[in-house]
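Please look through the sequence and the 3D structure below before reading on.

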Amino acid sequence: MTKEVNTPYGVSLWRSIRSLWSELKTQSRIKVANGNKTRFWKDNWHEVGIMELVFPDIFNLVLHQQYTIAEMWTSNGWSLNFRRHCNDWEVQRVADFLSKLDQFPGVQAGEDHLWWQGNSKGIFKVNAAYKIMNQSKQRIANWPWKQIWRIKVPHKVSIFVWLLAKEATLTVDNLMSRGMTLCSRCFLCKETAETVNHLFLHCPFTAHLWRIIINLKGIAWTMPGKIREALSSWEGICSHAKDRSRWRIVPACIWWTIWKERNSRCFESLENDVQKIKLNFILLLCFWCNQIYSNDTVSIIDVLDSL
Ligand SMILES: [Zn+2]
């Protein structure tokens, strides 16, 4: 596990994932093999729990509190070195402790590894972890999770759309809310402050991309005020689409195109004109559609016609 981030720097997504480790740790145990990586007293390897916490009195009696299991296990069994002889009232407690250790079958070939207790195979699954952590089965009302996680786009794009829906993308408004002093100006239209909802919904440059699809289908669509509303609204008019799975990737495709262009202008001082941005969008849409239907290479005309 990586170190915990305590500074203002670092990727917020990873920081959030990292912060869940303490909760996930309680659902994991070390499966001991050669015992080289597992600390006898400190790690969670025994079914009774972490030895230091279950037997704190015995822990204070032993000489080698940092030893690994490999260092404590010998061909004759456990090698426990106490600081002093046990008092009469401590003998029963030591006996209880040793009885727990009797269940250990001994070290064996192979590396120690983490065993996830959320399923029978010991393999970590996000959905199992989610169910364990969300026992109350709470859900955010009207959260467009299908339009984020069920669309057929690269996973990093789904994560990006999820951040957008949470309005947590690192646009200037969010950077300023973290204390950075910046000049807030949209990198595309250069006319107004850069906010998540402006850049991805209301910026005139972004509107060009939306209009490609809207005009193609000849539909009337009013741009909602927020990303999550836009996702739900776009899903609501998917009855206009011939191929709904392609229709559903349009918002992600527009937003990914805009984000790439915005970052190109912000970090590399490279600007494409609006015609090139529109072309980039259409090419990306075709590329993703070809990825989805890998046995069915489609042309730009085919993709636009199928929407
Ligand atoms: Zn703008």
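Why is Ser269 exposed? Ser269 is exposed because it has 7 other C-beta atoms within 10 Å. By the rule used here, a residue is buried if 20 or more other C-beta atoms lie within 10 Å of its own, exposed if 12 or fewer, and partly exposed in between, with C-beta atoms placed from the backbone. The residue lies in the loop between α15 and α16, and phi of Ser269 is near 55 degrees, a positive value in a residue other than glycine.

This is a predicted model, in which local features need pLDDT of at least 70 and side-chain atom pairs count only at pLDDT 80 or more, while totals for chains, interfaces and linings use all residues. Residues are numbered from 1 along each chain as its sequence is written.

The protein has 17 helices and four strands; these are DSSP runs numbered from the N terminus, with helices (H or I) of at least four residues and strands (E) of at least two. Its radius of gyration is 28 Å, whereas a compact globule of 307 residues would be near 19 Å. That radius is taken over C-alpha atoms, and the globule rule is 2.2 Å times the number of residues to the power 0.38. Along the principal axes, the C-alpha atoms fill a box of roughly 90 × 50 × 35 Å. Of the 307 residues, 22% are buried.

The protein is divided into domain 1 (28–116) and domain 2 (145–306), with bounds that come from an automatic or database domain assignment. The centres of domain 1 and domain 2, taken over C-alpha atoms, are separated by 55 Å.

The largest nonpolar core has 38 residues, and Phe200, Ile227, Ala252, Cys253 and Trp255 have the most contacts inside it. Such a core is a set of buried Ala, Val, Leu, Ile, Met, Phe, Trp, Tyr and Cys residues joined through C-beta atoms within 7 Å. Elements giving two or more residues to this core include α9 (155–165), α11 (196–202) and α13 (227–236), and α15 gives the most, with seven residues. Apart from this core lies another, of eleven residues, among them Val32, Trp45, Phe55 and Ile58. In soluble globular proteins, nonpolar side chains tend to be buried together.

Ile227 touches Leu164, Ala165, Glu167, Val196, Asn197, Phe200 and Leu201, not counting residues up to four places away in sequence. Two residues are in contact if their C-beta atoms, placed from the backbone, lie within 7 Å.

Helix α12 (residues 204–217) reaches 20 Å from its first C-alpha to its last, close to the 20 Å expected, where the expected span is 1.5 Å times one less than the number of residues. The helix α12 bends by about 30 degrees at Trp210, the bend being the angle between axes fitted to the seven residues ending there and the seven starting there. Its buried residues are Phe205, Thr206, Leu209 and Ile213. Just after α12, Gly218 takes a positive phi of about 65 degrees.

Two other loop residues remain. Lys190, in the loop between α10 (172–177) and α11, counts as exposed because it has 10 C-beta neighbours inside 10 Å. Asn81 is found in the loop between β3 (77–78) and α6 (88–101), and touches Val62, Leu63 and His64, not counting residues up to four places away in sequence.
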